[in-house]
Every structure is written in C-alpha cells, then in structure tokens.
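Please walk through this chain with the model open beside the text.

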Amino acid sequence: MPDSQLTNEDEMIDAVIETVTIHDQAGDPEEKPEIPSELNILPLRDSVIFPMLIAPLSVGRPNSIKLIDDSVVSSQRIIGMVAQRDPEVDDPNFEQVYDIGCAVIVRTLMKGTDAVRMIVQGSARFRITSAITTEPYLRANVEVLADEPVPEELAEEAEALRRSVAALFEQAVRLSPNMPEDLASLTQSVTEPNVMADLIAAHIPFSVQDKQSILETTDVIERLRKLLQMLGREVRVLELTSKVHGEVTAELSRNQREYYLREQLKAIQRELGETDDYSEDLEELRDSIEEADMPEEAQKAAYKEMDRLQRISPGSPEYTVARTYIETMAAIPWSKSTEDRLDLDEVRAVLDREHSGLDKIKDRILEFLAVRIVKTDSPPRQPILCFYGPPGVGKTSLGKSIADAMGRNFVRLSLGGVRDEAEIRGHRRTYIGSLPGQIVQSLKRAGSNNPLFVLDEIDKLGNDFRGDPASAMLEVLDPQQNNAFRDHYLDVPIDLSKVFFITTANRLDTIPPALRDRMEIIELGGYTEDEKFDIATHHLVNRQLEEHGLKSSKLEFKPEALRYLIRHYTREAGVRNLEREIGSVIRKATVEFAKGRKAKITVTKAWVQKALGAPRYTTDIVAERKLLPGVAVGLAWTPVGGEILFIESSLYPGKGLTVTGQLGDVMKESVTAALSYIRAHAKQLHIESSVFENNQIHVHVPAGAVPKDGPSAGITMLTALVSLLSGRPSVERLAMTGELTLTGQVLPIGGVKEKILAAFRSGVNTVILPMENKKDYMEEVPEDIRSQLSAHFVTQASQVLKLALQPVVK
C-alpha cells in the first residue's frame, strides 16, 4: 500500500491552520525538539514532507509499520522521512531514496487492520551522512540542515520575493478547482519567507522532483526564486486550462443547441412533406461504395462504417469522422487502371525526345515493356528502380518522361525531411483529424491503381521519436508484401503491386541496407560537355525562352556561345545551374525587348560576358597551379559530382607528421599508410632514412573549410610525399585516384565517371587508375573523352611512382 500525503481538501485546510497555530506558538527556536544524530528512515512514495507541515500519512509496508512501532516506543517519536527516487520500487535501499529529507514528530497514531494512519509534523531538514542498516528497515546517521539567515543587505530582496510568491500563490488558489479558497489565507498568517516557501511548496501540486529541489535548498533567497519560477509555470498552466475548459463548455452548449434546432427542423420538414437531404447524402455515399468496386474485405469495412454512420446524429463529431472514412475509401482507385503503351519504338522515341543520353535507363524500361508483351499468362512484377546520381542530372524529370512514354498516370512524393512514420502509413482513426498516409493519398491523386510513382529524395528520410519512415517504406517497396499494404487509417489491405515505383537519391550510404536491397540501383553519372550542349540546345534554351515569353525567332544562341557558357560559367555534374545561367542571359535580352527593341538578338560569347560578367571558371585549373616537389593532383567523388584535389606536402626541421585540411579518419590513415610504405622502401626510392628522424612532414589538402574523407586519395598521398622527399616534381596535367595498402597494392575505387569528367574539365590529359577499374572506365566514360585522355591502369605503388613523377635530372 503506497504512502501518501494529504488525503482530502478538509485535511489540507486543517493542516494549514494547525501548522500556522503551532508555528505561532513555537516562536522560540529552543522549544523545537532536538533531532538525534541517528534516525529511522521512512521512504515516501510520491510525497515530500516540509518543516512545519502537519500531514496525514498512511503506511502499509510491513517494514515501515515495524519502523513506526519501534520509533513510537522511544520518547522522542521522531522519524526521518525521505522521498523515493522511483515510486514503483517496493523495498527501496539508500541508493533509491534522496539524501535530503525532513525529520518529523509523530503527533497522532491509529492502527488499522491493513495499515497504520498517523499525523506527523515536519521539524527540520536533514542530510543522510552514512547508512547504519537496511534491515529490517533503513537507519542512518544524519546531520541537521538549518536555513541560512538572510543578510541585512538582501533583506529587501527577500521581502520582494516573498510578496511575489504570495501573490502568485493566491492567484493559483483562485484558478485551481482542486484547492479551497481558504488556502489563500496562508500567505497572510505566515510572514517568515522560509516557512512560507516550504508550506506553499507542500500544497501546490508540483512534481516530487520540484518539491525535492525546494527541500534541498537551504538558502532562503534561492528557495524563493525557485518557488517563484515554479509558481509562474503553474499559474500559466492553470490559466490555459481554465481558458480551454471555458471554450469546451461553450462549444458543447452550442452543439447541444444546434442538435435541438436540427431535430425541430427535421420534424417541420416531415410535416411539410419536404425532401430529406440527410437521407439523400447517405444514399449517395452508399452508391459511391458500390461504384468503387472494392475488394471484398474493403467493401465489408466500408458498409460496416456506413451502417454505423446511419445511427449517428449529423451534429455529432463522430459523424464527420465516419463520413470522411467512407469518402476516402470510395475515392481510392481500387479497380481503375490505365493501359500501358506497348509499342517499343514509340516509347523509345518519347524517351529520346524528352531526355538526351541515359541509355541504360531507357533500355531497362524497354526490357520491362518487352516482358509485358511476351508474358501473357499473368501480370509481370513491377520493377522498383532507384535512380542514383548527383543533383541536376534529371532523375525526377526522367520519371515523368517514363510515365508519358508508357501512358501511365504520374504521381510524385518528396520524402526529404520526412520523420514521422504516420506520413507513410497514416494515423489511426482514434486521433482527431487523422488522415491516411501519403502513399494512399498519392494513389487517390493519381486516379489509377497502376501509376508511375516517384519517391523523391529517399536518401534524405529521417527518424526520431515518432518512428522510422525508412522502415515503413520496406513494406511499400517489397514486391512480395506490397500486394497487401495496410494503411493505419483505412485498416484494410491495398494492392500496390501494380504501381511502378521509382526512387531517387543523391547518395546510397544514407539509405538503410534493408531498403537498398529492395531496389534496383541505376546510377546516373554526370554529363559531359557534349551531352550538356545537346541538352541545352534541345531542351533548356527552348524551355527558358517559353518561360520568359520569347520565341526562337526573337533570340538565338550561337553554338560557340553556348559551349563558352557551359565551359566557363558552370562546373557541375548536372544541368540545373546551366539552365539558371541560360535564364540569366535570356532575361538580359528580355530587358532589351521591354525597352522597345525589335531586331533579333543573337547571343555570342561577348553577349554572354556582358550578361554574366567575367568567366567564373577556367578550363585549365591544373596548368594554373605550379607543381613543385611535394604537390600531386588527385581525384575525388562528392554527392554533387567529381572534383580534383591538390595534395600538398612540406618538410621542415622537427619530428613527426602533421595532417591538415579537415580530413576524415580514413584519409588521415591513408597519409600514415603512404608514409609507412615510403619508410619501408626508402632504399629503393633513394631516400635517406635520416630525413624521417630529423624533419617534420606536413601534409595539407586545400579548401580547408570543406570536410574530406575516403580511401581513394591513397596513391595521391604517396606521390606527393615521394615527390617531396626525393625532390622530383609530379608530371604536368596528370591526376590519379586509387586506394593504397601498406604493402603497396593499389585497390579499386568508386565514382570513376564523375572523377574522369572532373579531370577532363580541369585540363588533365593523363590519369592513373587501379587496374580493377579499367572495366568501369571503358563502360562509363564516353568514347569522345577517352580519345582525348591517356589512361594508365596500375596494381602496384611502384608503377604509380614511375608514371607520376618526373625522372631524376642528372
């Protein structure tokens, strides 16, 4: 049986009045009983006793009853009471109770059949200094904690705090329905700040932790400040509660009045023989259920809700909930579907017209349609594709083009920033304002049960206390399960197996492995300059002209001007920024036409410079950087495309290795591995071993504000360090990428196409790649770029150094 505090409001008032009386009588501190240094400790559940408080308590634990019996036998009748940290613990030890409590005097004791009831008066704070025993009950050594006196210079502040606390307490009593108004007289009867603070804290329904905080504070001014803060919060909550209660009462009164008026209106309409709109609405809903052609289980659930709706008054909130459910069920395209366009040549023509390149994806769509043509005995399984690549390469717009080519309805759902599982599965109907999830709502918008559904930015799904949406997507994207997807709101199975799902992502490492395993990954690499030129010529320029209200007869881009813009004003894997720059050029022309120009504008290189300013990028970044000994050029992959990386190193007197440039742990380990390889092979590399003992080596990767990590810079680190220590500069216009092992092996890396395109844009003409990446280079890099590059494929560090460093000048 749990220990408790005041049991009802009458006892609360009596306790307050009696407390005040005893305090007034005990004005002399010497009349207080002396607290012994050893006390029996009684743990309390959900209660905190304060000095000067008189409170009724009920005790039911056998060991607690024995404690009281033993304590009352002594003449002192003093017990130490402390609050439990966890009220669920039945037999707490010293670690499970607070260290600071209140010594009480047992004033009245009544024994019942199952419990002991008593009235106690708080006497003084104490702290448990050491435990004496835990059996049969807790007993400990204690020290009494006296209130710290208020210094004279702070007396005015203490009085101001006391008055503020008193005012807030009176306001709380006035607002609370559970505290009697007589309780407000407490602040007038007790004027000492310390006592008043304790008694107010005892009677306000604060948490045990808050009350314990007040009890543990011996500094009176600090105690008043804490209490003032807690009271302020409590008064704000009470004010809001009162406001909400008033609004609810008013709303109920209004609803009742409307209900009676509607009933009277129905009676009048029946007498006049007028039609009943309510009955017509119900008939329309029933017809919509029949027309929806639902599966048996869904139809059964809809009719069950329909029968329930007929028994609910239209004025009831439940009526709206039930009606919304039925309307949602009827609006889902259970059996509505579109016919796929199965002419492969026509589908290919549509895809080619709307998107340049991307042959791998176009071939995959044609393969699926070919299976649809050949497989006639049952519907083929819908593919679940994931378009993975840097921003701006056309992943989302490609989904729309595929839908147009196949003749399917298109629907898109952006998953970026979604953190609530209910966004996918819906809310249960127990909640007010609950709705189905975005999967079902998107299906409603599509208007067919076999749309092309693009789940955009699936790599940016989040998770928090509301659930993990990525885990909810597992059922949606699993062909073995999504034929019976169950939304929490509808609570009936929905067949998603006919939906063609396409997801898009900028990176794969943030997608959970289980989700990634359910998708067919198709990588979209960055575009070459020729591909960008083709896209700009056939798509971007025309689209921007249309958006700015111009026609091709008014403005024309010279091919060399367009290539100049691509080469010198954009440096990206996709074409999003390119379209933005084309729009900027066209806007400058639009201003000319707005001023009254009639003649056609031909955009040349000079016009591009006039519109966009000086070129932002040069095509020969590598040539601009002088490759001194200790500098090497590497290639890096980022979620937005490839980049070239300059690795710099220097040598100066000292000892050790310094690495800077905001490098990650893996990249730092690559530097260490490269240096270890060099020291192990110093003799073959013609490097004196004393160099390592007498000098400190500093490796830096510029663009220090940008975090960098990954193992692919291993051979670049090796080349830079050997170049530094041997004095041999790197070969001009050469870049490299590959992971280096401690034994000098060169391991394969990823992102080959993006890295090669970045190298080509930057003026590199020779690249060094791991031998195992030769197939990626031959398959992914366009022939026109391969013809302008010299590629070397290596397996050992010695091959890298032979190719990357200039020969020794004798």
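Predicted model: local features only at pLDDT ≥ 70, side-chain atom pairs only at ≥ 80, totals over all residues.

Which elements do the buried residues of helix 19 pack against? They pack against helix 18, strand 14, helix 20, strand 15 and helix 21. The buried residues of helix 19 are Ala561, Leu562, Tyr564, Leu565, Ile566, His568 and Tyr569. An α-helix has 3.6 residues a turn, so residues three or four places apart point the same way.

Helix 20 comes next. It covers residues 576-594. The buried residues of helix 20 are Leu578, Glu579, Glu581, Ile582, Gly583, Ser584, Val585, Ile586, Ala589 and Phe593. They pack against helix 18 (529-547), strand 14 (555-557), helix 19 (559-569), strand 15 (601-603) and helix 21 (605-612). After helix 20 comes Gly596, with a positive phi near 115 degrees.

Now look at the nonpolar cores. The largest has 59 residues. Within this core, Met81, Met118, Ile200, Leu227 and Leu231 touch the most other members. Take Met118 as the example. Leaving aside residues up to four places away in sequence, Met118 touches Leu42, Ala55, Pro56, Leu57, Val59, Ile68, Met81, Val106, Thr108 and Leu109.

Charged pairs come next. Side chains of opposite charge can pair when their charged atoms come close. How many salt bridges does a search of the whole structure find? It finds 42. One of these pairs is Arg286 with Asp307, at 3.7 Å from N to O. Arg286 sits in helix 8 (residues 277-291) and Asp307 in helix 9 (residues 296-310), so the bridge ties together parts that are 21 residues apart in sequence. Asp307 is partly exposed, because its relative accessible area is 34%.

Arg348 and Asp363 form another salt bridge, with their closest N and O atoms 2.9 Å apart. Arg348 belongs to helix 11 and Asp363 to helix 12 (residues 359-374), and the two are 15 residues apart. Arg348 has a relative accessible area of 21%, so it is partly exposed. Asp363 is partly exposed too, with 35%.

Return to helix 20 for a further pair. Glu581 bridges to Arg616, and their closest N and O atoms are 3.1 Å apart. Glu581 lies in helix 20, whereas Arg616 lies in the loop between helix 21 and helix 22 (621-624); 35 residues separate them in the chain. Is Glu581 buried or exposed? Its relative accessibility is 8%, so Glu581 counts as buried. The cut-off for buried is under 20%. Arg616, at 44%, counts as partly exposed. Elsewhere, salt bridges with shared partners join Arg125, Asp147, Asp198 and Arg223 into one network.

The backbone has some exceptions. Most residues other than glycine have a negative phi, and most peptide bonds are trans. The peptide bond from Glu135 to Pro136, however, is cis, with omega near 0 degrees. Pro136 is in the loop between strand 5 (116-133) and strand 6 (138-145).

Asp46 is not a glycine, yet its phi is positive, about 55 degrees. Its place is the loop between strand 1 (38-44) and strand 2 (54-59). At 54% relative accessibility, Asp46 counts as exposed. Asp293 also has a positive phi, near 55 degrees, and is a residue other than glycine. Asp293 sits in the loop between helix 8 and helix 9. With a relative accessible area of 49%, Asp293 is partly exposed.

Which residues make a nonpolar surface patch of about 270 Å²? Leu342, Ile373 and Val374 make it. Leu342 is in the loop between helix 10 (317-331) and helix 11 (344-354). Its relative accessibility is 35%, so Leu342 counts as partly exposed.

Definitions and conventions:
Residues numbered from 1 in each chain as written. Heavy atoms only, no water. Patch = residues over 30% accessible without salt bridge, like charges linked within 9 Å, V, L, I, M, F, W, Y side chains within 5 Å. Areas by Shrake-Rupley, 256 points an atom, 1.4 Å probe, with all protein chains shown as cover. Salt bridge = Lys/Arg side-chain N within 4 Å of Asp/Glu carboxyl O. Helix = DSSP H or I, 4+ residues; strand = E, 2+ residues; numbered from the N terminus. Buried < 20%, exposed > 50% of the residue type's maximum accessible area, 1.4 Å probe, protein only. Expected span 1.5 Å × (residues − 1). Contact = heavy atoms within 4.5 Å. Core = buried A, V, L, I, M, F, W, Y, C linked by side-chain atoms within 4.5 Å.
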